[in-house]
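Subject: Structure handover, ligand surroundings

Hello,

Please find the structure below for your files. My notes on the ligands come after it.

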Amino acid sequence: MVQSARISSLNAIPARPGPVVYWMSRDQRARDNWALLYAQEKAVEFRAPLHVVFCLVPEFLGALDRQYRFMLHGLRQTAADLSGLHIPFRLEEGEPRERIPAFLDRVGAGMLVTDFDPLKIKRAWKQQVLESITVCAREVDTHNIVPCRAASDKQEWAAYTIRKKITLKLPDFLEPFPSLIDHPFPADPAGAGLERPLKAHPDSGMNTGGDIVVPGEAAARACLDTFITERLDGYPENRNNPLIDGTSNLSPYLHFGQIAPQRVAWEVQQSRANPAAKEAFLEELIVRRELADNYCWYNREYDTVNGFPDWARATLADHRHDQREYIYSPEQFERAQTHDALWNAAQTGLTATGTMHGYLRMYWAKKILEWTPSPEEALAIAISLNDRYQLDGRDPNGYTGVAWSIGGVHDRAWPERSVFGKIRFMNASGCRRKFDVDGYIDSKMNYRG
Ligand code: FAD
Ligand code: FO1
């Protein structure tokens, strides 16, 4: 049974027997998906078919063709897995407020299930759909191990405040997943909608080299297994060195929901890796990631400077008129045309590969604060580049990571200095103490168009 703490009612309409539809959005996977497991539970109870529908929108928060290719490749694999279990998958193109109600009517649905996502765009989609449907609608949090609403009922101050709340509840939620069953009440599959050519998606026109990450549920699981057997033990000392492949590289798979964070946590916990490495990794995977969902869910201003804590907004205001040693335009940032070879290398790698090492992301965002006329412009540029180019972008982790870097969200005050005020400062000499900066720069220069 799917725990009730994962399930929220989106309207007060009672469920009525009939086909159950799972509107898949954030958690794009057949395995380890509590929303899908719940939808199947209800369909079996109603002795009815189970349908999965995915609504493909043309422009999602600045995503380029690169991210759509990754996502659609994964969806094709998931659709095939589902059809093998007599659970037809249907891809619909267009706005959810039109496509979802129409699909519910077409299949004569008795109930709608969808997955939790704290982003404002998703909340708006659900609101629009709810306004024009007359079936019972429920939402299942299958992205957070401790469901976002259960972990805390308010915006948390920092990792240390949410950590104890999550740690307390983790034993109740970090459990193995049941398997999806071959659905005993098959529907007549209306065709997945993936066979026909799909609309083209925006392209950056920049030098974006080949796709370096293999998409899909199988590749996600292989990535996890390799990380556990080959790199997890070294995670604590390697994770902040961009020249070492020391982290899991799971973020694109987690972002598109091609692997469940709970599966990752479960396999890591069950592994024979050393306890300190497990703890260091689970701190990031569970505490940091679920803190990001908490920030985006409880703070509607997660992508503006109004989301910053009062102390941060005050200190940035005190230094609003400080002399900026360098000022760059959004285009100069996008084309990696600053004076700083390290920053340019990080940006060049980002546009070419859609990835950037976590340590450099902090430096990258903080320098945008330093080299723009205002925190508002810095935040807008950092979010725009992060969402356009990162394969794992357009994610609560991204909005929270940028807000941490530029606006001190979940961080504390540091010794005051120009432009940054008390926002934590980073510079290239600090990076040089951590890793071989020249080696990193060289490694990205072969991407220069
Ligand atoms: P690992 O170190 O292997 O961690 C495993 C997982 O834990 C990650 O996949 C991620 O889901 C989670 N995690 C790790 N670090 C963080 C963190 N600081 N905050 C939240 N969750 C974390 N992450 C994204 O998924 N998408 C983004 O767009 C994104 N933008 C960022 C922008 C900035 C300015 C900063 C400072 C951080 C950003 N992060 C983002 C968070 C973090 O840098 C990445 O999740 C991480 O580098 C991904 O690599 P990995 O999967 O190998 O991480
Ligand atoms: N979710 C959808 O339901 N439909 C889409 O068409 C869609 C496109 C998309 C493109 C890039 C990207 O990074 C994410 C996209 N998502 C889409 C959302 C994604 O599945 C995640 O739910 C959120 O981005 C993370 O919260």
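First, the ground rules. This is a predicted model, in which local features need pLDDT of at least 70 and side-chain atom pairs count only at pLDDT 80 or more, while totals for chains, interfaces and linings use all residues. Residues are numbered from 1 along each chain as its sequence is written, chains are lettered from A and ligands numbered from 1 in the order in which they are written, and side-chain values use heavy atoms, with hydrogens and water left out.

Ligand 2

Ligand 2 is surrounded by 19 residues, a residue being counted if one of its heavy atoms lies within 4 Å. S25, Q28, K122, H255 and R394 are the closest. By class, this shell holds 11 nonpolar, 4 polar and 4 charged residues (Ala, Val, Leu, Ile, Met, Phe, Trp, Tyr, Cys and Pro count as nonpolar, Asp, Glu, Lys and Arg as charged, and the others, Gly among them, as polar).

Polar contacts here are pairs of N or O atoms within 3.5 Å. The side chain of S25 has a polar atom 2.7 Å from an oxygen atom of ligand 2, and a polar side-chain atom of Q28 is also 2.7 Å from an oxygen atom of the ligand. For H255, a side-chain N or O atom is 2.6 Å from an oxygen atom of ligand 2. The protein buries 100% of the 520 Å² that ligand 2 exposes when taken alone (Shrake-Rupley method, 1.4 Å probe).

Among the secondary-structure elements (DSSP runs, with helices of at least four residues and strands of at least two), β3 (50-56) and α4 (120-130) each supply at least two residues of the shell around ligand 2. The largest contribution is that of β3, with 3 residues.

Ligand 1

Around ligand 1 there are 24 residues, the closest being Y235, T247, S248, N249 and D392. They divide into 8 nonpolar, 11 polar and 5 charged.

Oxygen atoms of ligand 1 lie 2.7 Å from a side-chain N or O atom of T247, 3.3 Å from a polar backbone atom of L250 and 2.9 Å from a side-chain N or O atom of N386. On its own ligand 1 has 830 Å² of accessible area, and the protein covers 90% of that. Two or more shell residues come from each of α9 (251-255), α11 (275-298), α15 (358-370) and α17 (396-407).

Ligand 1 lies between domain 2 (217-298) and domain 3 (305-447), because both give residues to its shell; the domain bounds come from an automatic or database assignment.

Regards

Methods. A polar contact is a pair of N or O atoms within 3.5 Å; within protein, one must be able to donate a hydrogen and the other to accept it, and residues adjacent in sequence count only if both atoms are side-chain atoms.
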